[in-house]
Amino acid sequence: MFKNGHQLNLGNQYAKGNKHTEEWKEQARQRMLGNSRGFVKGKPSPRKGIKAGFPAWNKGIKMPDRCGANHHYWTPDRTKAKEKRNLRRSLEWTAWRSEIFERDLYTCKECGISGVYLEPHHIIPIREDETKIFDVNNGITLCRNCHMKTFRKEMTFVEKYQKLLN
Ligand SMILES: [Zn+2]
């Protein structure tokens, strides 16, 4: 039983708090001597000269065919891309768009589908004629699918769509 004056954990050096006896300290010092893996006061770090970890596998490897202008996400003129985005949010654009949708009765003029996500298409692309950007006669309602079919081939659809509107 516990009695007044007794000390707890006598004989257990680890439980005596942080007071190390001189004897225990010397024992610890002796254990560390000759230990080449640990830090030794006054000696250089045992890890000196060893690089931490491995370098990233792709470090220093360049991929010229996938960088900069060669990358398929590359946009040569960021300002133009920004302008394009802002344009699509502008009131003028929204008005032009809904006028075309209403005239075409919210139906794709190519395949006749309705009730789907529709996009306004410039019959004559803006890059060919910027003045036709808000020209209602230059716009036609297309569904996403039909619109995508015109990408990069816009000029081959011009005559067809102009006839469709007249
Ligand atoms: Zn369609």
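The structure is a predicted model. The protein chain has a mean pLDDT of 81, and 71% of its residues reach 70 or more. It holds five helices and two strands, arranged along the sequence in the pattern α-α-α-β-β-α-α.

**Confidence and overall composition**

- Among the elements of the protein chain, strand β2 (residues 139-143) has the highest mean pLDDT, at 98.
- The lowest mean pLDDT among the elements, 72, belongs to helix α2 (residues 78-89).
- Of the 166 residues in the protein chain, 11% are buried.
- When contacts between residues at least 6 apart in sequence are considered, 52% of them join residues at least 24 apart.

**The strand pair**

- Strand β1 (residues 118-122) and strand β2 run antiparallel and are joined by five bridges.
- One of the residues involved is Leu-118, whose bridge partner in β2 is Cys-143.
- Five of the five residues of β2 are buried, so this strand is largely enclosed by the rest of the structure.
- In a regular strand, side chains alternate between the two faces of the sheet.
- Both faces of β2 are covered, with Gly-139, Thr-141 and Cys-143 buried on one side and Ile-140 and Leu-142 buried on the other.

**The largest nonpolar core**

- The largest nonpolar core comprises eleven residues: Ile-100, Cys-108, Leu-118, Ile-123, Ile-124, Ile-140, Leu-142, Cys-143, Cys-146, Phe-157 and Tyr-161.
- Two or more residues of this core come from each of β2 and α5 (154-165).
- Strand β2 gives the most to this core, with three residues.
- Leu-142, one of the core residues, touches Cys-108, Lys-109, Glu-110, Leu-118, Glu-119, His-121 and His-147, when residues up to four places away in sequence are not counted.

**Helix α3 and Phe-101**

- Helix α3 has 13 residues, which at 1.5 Å a residue should span 18 Å; its end C-alpha atoms are 18 Å apart, in agreement with that value.
- Phe-101 lies in this helix, which covers residues 91-103.
- Phe-101 counts as partly exposed because it has 16 C-beta neighbours inside 10 Å, whereas a buried residue requires 20 or more.
- With neighbours within four places in sequence left aside, Phe-101 is in contact with Tyr-106, Leu-118 and Thr-141.
- The C-alpha atoms of Phe-101 and Glu-119 are 8.4 Å apart, although the two residues are separated by 18 residues in sequence.

**Positive phi angles in loops**

- Leu-105 is placed in the loop between α3 and β1.
- Leu-105 is exposed because 9 other C-beta atoms lie within 10 Å, and the cut-off for an exposed residue is 12 or fewer.
- Arg-152 likewise is not a glycine, yet has a positive phi of about 70 degrees.
- Arg-152 is found in the loop between α4 (144-150) and α5.
- Arg-152 is also exposed, because it has 7 other C-beta atoms within 10 Å.

Note on methods:
Residues numbered from 1 in each chain as written. Predicted model: local features only at pLDDT ≥ 70, side-chain atom pairs only at ≥ 80, totals over all residues. pLDDT = per-residue confidence, 0-100. Helix = DSSP H or I, 4+ residues; strand = E, 2+ residues; numbered from the N terminus. Core = buried A, V, L, I, M, F, W, Y, C linked by C-beta atoms within 7 Å. Contact = placed C-beta atoms within 7 Å. Pairing = 2+ DSSP bridges. Expected span 1.5 Å × (residues − 1).
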